[in-house]
Amino acid sequence: QVQLVESGGDLVQIGGSLRLSCAVSGFTDDHYAIGWFRQAPGKEREGVVCINNNGTIYDRDSVKGRFTISRDNAGRSLYLQMNSLKPEDTAVYHCATASTCWSYYDHWGQGTQVTVSS
């Protein structure tokens, strides 16, 4: 059974940094993509950044230069380093897996809350 567990969310001031983690278990190999999504209150869920098994990364324009995604070699942990945080980054952040970054995401974590305040 595949499980994803996020951690690292917190309350942080504008301009601050956070590092989110996603622990992945239940896969027999690392041939999958992992992405970070977020959903703010009253808004639709949006993709933030994704990394394919071959290391290719896709990220949305609003986080370019501020957010960095990485995964360990075994593919069991995913990280999201978030710097220069803005109020609009406030959301529940979820990690999810798919065969590729552009495929259907079939496994999701419960999410971790990130709140950026002034």
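Colleague: Which side chain meets that of Arg 38 in a salt bridge?

Modeller: This is a predicted model, in which local features need pLDDT of at least 70 and side-chain atom pairs count only at pLDDT 80 or more, while totals for chains, interfaces and linings use all residues. Residues are numbered from 1 along each chain as its sequence is written, and side-chain values use heavy atoms, with hydrogens and water left out. A salt bridge here is a side-chain nitrogen of Lys or Arg within 4 Å of a carboxyl oxygen of Asp or Glu. At 2.7 Å, N to O, the partner of Arg 38 is Glu 46.

Colleague: Is Arg 38 buried or exposed?

Modeller: Buried means under 20% relative accessible area, exposed over 50%, and partly exposed in between, with a 1.4 Å probe and protein chains only. Glu 46, at 26%, counts as partly exposed, whereas Arg 38 has a relative accessible area of 6% and is therefore buried.

Colleague: Which residues are linked with Arg 38 in a network of salt bridges?

Modeller: Glu 46 also forms a salt bridge with Arg 60, their closest N and O atoms being 3.4 Å apart. The network that holds Arg 38 links it with Glu 46, Arg 60, Arg 66 and Asp 89.

Colleague: In what order do the four strands of the open sheet stand?

Modeller: Strands are DSSP runs (E, at least two residues) numbered from the N terminus, and two of them pair if DSSP finds at least two bridges between them. S1 (3-7) and S7 (67-71) each have a single partner strand, so they stand at the edges. The pairing is antiparallel, and the order is S1-S3-S8-S7.
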